[in-house]
Amino acid sequence: MFTGIVEELGEVVALEHGTDSARLHVRGPLVTTDVELGASVAVNGVCLTVTDLTEDVFAVDVMAETLRRSSLASLAPGEQVNLERAMRADGRFGGHVVQGHVDGVGEVLARTPGERWEVVRVSLPAALRRYVVEKGSITVDGTSLTVSAVDDEAFEVSLIPTTLAATTLGHRAVGDTVNLEVDVLAKYVEAQLAHGVVPR
């Protein structure tokens, strides 16, 4: 499990495509200080398993389902990615419950700069609309954010200077794609209601 608090901007070293999978190599000096083979690392919000480790570079295998549901297939060497190690049981819960299970991909539609922040508008797949509410949580490329506005087509988030500087969202341009994970609690509530379980 993750919290959506990005620890480091990593760098894509290589992306090797297979017939229905890929192998991704990422440089992350911070996250590699204590990860081991088999550990989970979120890369742009996608939970992946470390399969190889050499100094400050780790490798992960990306299956067809992940390539289909996320933007990882379009990564290129030299590109920056958001990295977060799995949450420790004794750690602070700084963001919200993030599984690293991407629900879909959105497109950056607009960026509106403020005095020290930016409002970013992102397209919202129709299948995810019912899980997104104003002032609720959403994960964008692995970053835990608060929804500042939402309609049937898109949602908006307001990015503070720290988020702009410490994550890839600081330089995502209009037209770029981003990974989206909605609040898993909303999905559980929907499932319970669908099976006739009424919250008390």
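The model you see is predicted, so local features need pLDDT of at least 70 and side-chain atom pairs count only at pLDDT 80 or more, while totals for chains, interfaces and linings use all residues. Residues are numbered from 1 along each chain as its sequence is written, and side-chain values use heavy atoms, leaving out hydrogens and water.

**The two repeats**

Helices (H or I, at least four residues) and strands (E, at least two) are DSSP runs, numbered from the N terminus. Residues 1–96 are 6% helix and 45% strand, with end C-alpha atoms 10 Å apart. Residues 97–193 are 16% helix and 41% strand, and their end C-alpha atoms lie 21 Å apart.

**A strand with two partners**

Let's look at strand 12 (residues 177–182). Five of its six residues are buried, where buried means under 20% relative accessible area, exposed over 50%, and partly exposed in between (1.4 Å probe, protein chains only). Two strands pair if DSSP finds at least two bridges between them. Strand 7 (residues 104–113) runs antiparallel to strand 12, joined by four bridges, and here V105 stands opposite N179. Strand 9 (residues 137–140) is also antiparallel to strand 12, with three bridges; T139 has E181 as its bridge partner.

**Two loop residues**

Is N44 buried or exposed? N44 sits in the loop between strand 3 (40–43) and strand 4 (46–54), and at 0% relative accessibility it is buried. Its phi is positive, near 50 degrees, though N44 is not a glycine. E55, in the loop between strand 4 and strand 5 (57–63), has a positive phi of about 50 degrees as well, but E55 is exposed at 72%.

**Salt bridges**

A salt bridge is a side-chain nitrogen of Lys or Arg within 4 Å of a carboxyl oxygen of Asp or Glu. The whole structure holds 15 of them, including these:

| Pair | Closest N to O distance |
|---|---|
| R27 and E11 | 3.7 Å |
| E65 and R69 | 2.5 Å |

E156 in strand 11 (residues 154–159) and R121 in strand 8 (residues 118–123) are 35 residues apart, so their pair links distant parts of the chain. E65 and R69 are four residues apart in helix 1 (residues 64–69), which means about one helical turn separates them. Finally, E7, D34 and R85 are linked in a salt-bridge network.
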